[in-house]
Amino acid sequence: MASRVTALLFIATVCLGYAAAFSEVPVDCCLATTKTRFPRHFKMFSYLLQTTDKGCDIDATVFITQTRVRLCTPHPTESKWVADYIKRLERTISLRRADTPQE
């Protein structure tokens, strides 16, 4: 009886260890990127840079549209068009902030 309890406790400890390890893996990482340029008329809301040092498998740029669709593209250091798009989006974001009334 004692050996069964010990075995169950061991199994429970191992399972909890795996659950804790998997809980630290980000869920919203891009698994692949597209080299296809998306049209300029896509209404981008923002972007974020995904890096391997934050727990994701690949470096990528994630553009977020106004409808909250996430588009995975190469990191700006790997693709000139992505770097150019980020510069343009940064200008748009700063203009948006300037148009927002200060309270």
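Which residue forms a salt bridge with Asp84, and how far apart are the closest N and O atoms? I took this up as the opening entry. The model is a predicted one.

**Entry 1: the salt bridge**

I found that Lys80 is the partner of Asp84, with 3.0 Å between the closest N and O atoms. The count of salt bridges comes to one. I placed Lys80 and Asp84 in helix α2, where they sit four residues apart, about one turn of the helix. I then looked up their accessibility. Lys80 is exposed, at 62% relative accessible area, and Asp84 is partly exposed, at 35%.

**Entry 2: the sheet**

I traced an open sheet of three strands, ordered β1-β2-β3, with antiparallel pairing. Its edge strands are β1 (44–50) and β3, each of which pairs on one side only. From one strand to the next the twist averages 25°.

I went on to the pairing of β2 (residues 60–65) with β3 (residues 70–73), and found the two antiparallel strands joined by four bridges. Opposite Val62 I noted Cys72 of β3. In a regular strand the side chains alternate between the two faces of the sheet.

**Entry 3: the hairpin and Arg68**

Which residue in the hairpin of β2 and β3 takes a positive phi? I found that Arg68 does, with phi near 70°, in a hairpin that has four residues between its strands. I marked this down as a positive phi in a residue other than glycine. Arg68 belongs to the loop between β2 and β3. Its relative accessible area is 51%, so I recorded Arg68 as exposed.

**Entry 4: helix α2 and the core**

I checked where helix α2 (residues 80–99) lies, and found it across β1, β2 and β3, running at about 130° to β1. I then listed the largest nonpolar core, which has nine residues: Phe38, Met44, Phe63, Trp81, Val82, Tyr85, Ile86, Leu89 and Ile93. Helix α2 supplies the largest share of this core, six residues.

I looked up the contacts of Tyr85, setting aside neighbours within four places in sequence. Tyr85 is in contact with Phe38, Pro39, Arg40, Phe42, Met44 and Phe63.

**Entry 5: the disulfides**

How many disulfides does the count come to? I got two. A disulfide is a covalent bond between the sulfur atoms of two cysteines.

The link of Cys29 and Cys56 is left-handed, with -65° about the S-S bond. Cys29 lies in the loop between α1 (2–23) and β1, and Cys56 in the loop between β1 and β2, so this pair ties together parts that are 27 residues apart in sequence. I noted Cys29 as buried, at 17% relative accessibility, and Cys56 as buried, at 12%.

The other pair I looked up is Cys30 and Cys72, whose sulfur atoms are 1.9 Å apart. This link of Cys30 and Cys72 is left-handed, at -75° about the S-S bond. Cys30 lies in the loop between α1 and β1, while Cys72 is in strand β3, so the pair ties together parts that are 42 residues apart in sequence. Are these two cysteines buried or partly exposed? I found Cys30 buried, at 3% relative accessible area, and Cys72 partly exposed, at 21%. The cut-off for buried is under 20%, so Cys72 does not count as buried.

Technical notes. Residues numbered from 1 in each chain as written. Predicted model: local features only at pLDDT ≥ 70, side-chain atom pairs only at ≥ 80, totals over all residues. Heavy atoms only, no water. Pairing = 2+ DSSP bridges. Axes fitted to C-alpha atoms, helices over the stretch in contact; angles between N-to-C directions. Contact = heavy atoms within 4.5 Å. Salt bridge = Lys/Arg side-chain N within 4 Å of Asp/Glu carboxyl O. Buried < 20%, exposed > 50% of the residue type's maximum accessible area, 1.4 Å probe, protein only. Core = buried A, V, L, I, M, F, W, Y, C linked by side-chain atoms within 4.5 Å. Disulfide = S-S within 2.5 Å.
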